[in-house]
Amino acid sequence: MSTSIESSTRPAPSAPLLGFWYPAMLATAARRGKMRAQVLLGLPLLICRDSHGRLAALRDICPHRGMPLSFGHFDGTRLECCYHGWQFDMEGRCRHIPALVEGSPIQTDKIGVTTYPCEERDGYVWVYLSDPSEKTSAAPEVPRLPLLSERYRRLHLSTALRCAIDDGIVGLMDPAHGPFVHQSAWWRSRDSIHEKAKAFEPIPNGFRMKAHEPSRNSALYKLLGVYGERITTTIDFVLPNLRYELVTCGPYWFSSRATVTPITEQECRIDFCAAWNVFRWVPLATTLFRLIARHFLNQDKRIMERQALGLRYKPPLMLLDDADTPAKWYYKLKAAHLEARQSGRPMEHPLKGPVTLRWRS
Ligand code: FES
Ligand SMILES: [Fe+2]
């Protein structure tokens, strides 16, 4: 790749992508017989889990006069609005309007609240936010964290992030901030910067950093070294907001996924989910992983929130080859996806084939 600097290549922030599954909340937060409000992509949602454990996602707005339904009551079967007592079932159909007199011509079941496809996977409640311009109405499969064996441990972490979605995602895939943002005595210092060359290839809706040996100064490399097996890491980015990392070491594996989900225009949430079969014999391994992951997540959160303070002044930005090339690909993928939706043609992938990027980090 040629080395060039592009100024102001960051496109104007566009609306978050519709037509994808987004993690709404932890599955454990959606308790049986309870409802919980959650804004996603600026849309007010209400997640209900009925008394049989079934999930539903509804628009958290009463069709009568706009009261958030989350202020009302859910009895495990029906939702009741707190304002005039209209009742709705889990399919969003209106079942009862207390103010109607006997023989009223109003057919309550013709009135409804918008509902969204909703599924539980990998410990999250996922909601499918369809794109009105989509031709097909069937939702694709819910994203799945790769699991390479029957037995494993798992953890979930999340943190709120005060920044716009594109900046949050670009921060997630930025390869050059490590030595500055993730400095620590036990892992790496800024003096450990060295040149890297990584091979990338296109994958559906995203790109992959092909399986490679992680750098010798990475924390994971040092930890997994005890197994004496060959260690490889594969990192995928997939629209709209998913970053997967799969580390294998002989029969051992560590699989993680980070998502940056837009809540409102200037507010996101990072959800980090990991599963592994390494170090199962180490006491408190999960606690240790949680502490390490939390530490990294907080470092990323802090740096992205500080950057957001500068971005408020809408400065022109530079995206540098090759270190910022993944960021460029993200913007191009997003634009290609939107173009395909608008034109009805298949998406033209911005990556035409394998590419090697070089940078120092
Ligand atoms: S606003 Fe909900 S019943 Fe009137
Ligand atoms: Fe980071």
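**View 1. The hairpin of S4 and S5 in the predicted model.** Five residues lie between the two strands of this hairpin, and among the residues of the hairpin glycine 53 has a positive phi near 95°. Strand S4 covers residues 43-49 and strand S5 covers residues 55-59. The two strands are antiparallel and are paired through five bridges. Arginine 49 is placed opposite leucine 55 of S5.

**View 2. Pairing of S5 with S10.** Strand S10 spans residues 115-116 and pairs with S5 in the antiparallel sense. Two bridges connect S5 and S10. In one of the bridges, alanine 57 has tyrosine 116 of S10 as its partner.

**View 3. Pairing of S3 with S4.** Strands S3 and S4 run antiparallel and are joined by seven bridges. Valine 39 has proline 44, in S4, as its bridge partner.

**View 4. The open sheet of four strands.** The strand order is S3-S4-S5-S10, and the pairing is antiparallel. Strand S3 (34-40) and S10 form the edges, each pairing on one side only.

**View 5. Helix H1 and its surroundings.** Helix H1 runs over residues 165-172 and is mostly covered, with eight of its eight residues buried. These buried residues are Ile165, Asp166, Asp167, Gly168, Ile169, Val170, Gly171 and Leu172. The strands they pack against are S13 (153-161), S17 (242-249), S18 (252-264) and S19 (267-276).

How values were computed. Residues numbered from 1 in each chain as written. Chains lettered and ligands numbered in written order. Predicted model: local features only at pLDDT ≥ 70, side-chain atom pairs only at ≥ 80, totals over all residues. Pairing = 2+ DSSP bridges. Buried ≥ 20, exposed ≤ 12 C-beta atoms within 10 Å, placed from the backbone. Contact = placed C-beta atoms within 7 Å.
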